[in-house]
Amino acid sequence: MAEWYPNLYLGENAGKKKRKLKAQIERGRFYPGLYLITEAANGVDQLDIVDSKCILQERAQELLPPVVGMAIGYREALEVLTDIARETYEHTGTGNVLAYVRQKAGRTT
C-alpha cells in the first residue's frame, strides 16, 4: 500500500482524476501514462519520478517511497517538479525540496 503525502502536488490532468488514480495505485494497478513523484529511494537525491508501471511488481509496491505528487505524462511530471522547486525557493530561499515538502506535510523523516 502506498504512503501518501496529505497535500499531493498534482499535475493539471492528474488533478481531475485524483481519487481514481489513488484507487488504482492502492489496488496495485497500472494506469497508462501515470507518473508518481516520490521521495528519492536512494537517500541521496531529493525526489524521483516513477512510472506507475513499476507498481505492477509486488516487491516494487512494498518498496515504493512516500508519494509526494502525481502527473499524467512525463512532461506534466516535470512541470510538477518545477512547481515544487519554485515553491520551495520562494518559501525557503534554498533548493532543499525534500526538507520543504516534509516540513509542509508535518513529517520529520
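Analyst: Let us begin with accessibility: a residue is buried when its relative accessible area is under 20%, exposed when the area is over 50%, and partly exposed in between (1.4 Å probe, protein chains only). Lys-17 has 34% relative accessibility and therefore counts as partly exposed. This is a predicted model, in which local features need pLDDT of at least 70 and side-chain atom pairs count only at pLDDT 80 or more, while totals for chains, interfaces and linings use all residues. Residues are numbered from 1 along each chain as its sequence is written, and side-chain values use heavy atoms, with hydrogens and water left out.

User: Where is Lys-17 placed, and with which residues is Lys-17 in contact, leaving aside its neighbours within four places in sequence?

Analyst: Two terms are needed. Helices (H or I, at least four residues) and strands (E, at least two) are DSSP runs, numbered from the N terminus; contact means heavy atoms within 4.5 Å. Lys-17 sits in the loop between H1 and H2. Its contacts, apart from neighbours within four places in sequence, are Tyr-31 and Ile-72. Trp-4 is 13 residues from Lys-17 along the chain, and their C-alpha atoms are separated by 16 Å.

User: Which residues are buried in H5, and against which elements do they pack?

Analyst: The buried residues in H5 are Val-97, Leu-98, Tyr-100 and Val-101. Around the axis they cover an arc of only 165°, which puts them on the same side of H5. They pack against S1, S2, strand S3 (47-51), S4 and H4. A positive phi of about 75° is found just after H5, at Gly-106.

User: Which contacts does Leu-47 make, leaving aside its neighbours within four places in sequence, and which does Ile-37 make, not counting residues up to four places away?

Analyst: Leu-47 is found in strand S3 and is buried, with a relative accessible area of 16%. Its contacts beyond those neighbours include Ile-37, Val-68, Leu-81, Val-97 and Leu-98. Leu-47 and Leu-81 are 34 residues apart along the chain, with C-alpha atoms separated by 8.4 Å.
Ile-37 lies in strand S2 and is buried, with a relative accessible area of 0%. Among the residues that Ile-37 touches, residues up to four places away not counted, are Leu-47, Pro-66, Ala-77 and Val-80. From Ile-37 to Pro-66 there are 29 residues in sequence and 8.7 Å in space, C-alpha to C-alpha.

User: How is an aromatic pair described, and how many does a search of the whole structure find?

Analyst: A pair of aromatic rings is described by the distance of the centres and the angle of the planes. Rings of Phe, Tyr and Trp (its six-membered ring) pair if their centres lie within 6.5 Å; planes under 30 degrees apart count as stacked, over 60 as edge-to-face and the rest as tilted. The search finds 1 aromatic pair. Tyr-35 and Tyr-74 form this edge-to-face pair, at 5.5 Å centre to centre and 70° between the planes. The pair links distant parts of the chain, since Tyr-35 is in strand S2 and Tyr-74 is in helix H4 (residues 74-92), 39 residues apart.

User: Are the two partners, Tyr-35 and Tyr-74, buried or partly exposed?

Analyst: Tyr-35 counts as buried, at 17% relative accessibility, whereas Tyr-74, at 43%, counts as partly exposed.

Definitions and conventions. The arc is that of the directions from the helix axis to the C-beta atoms.
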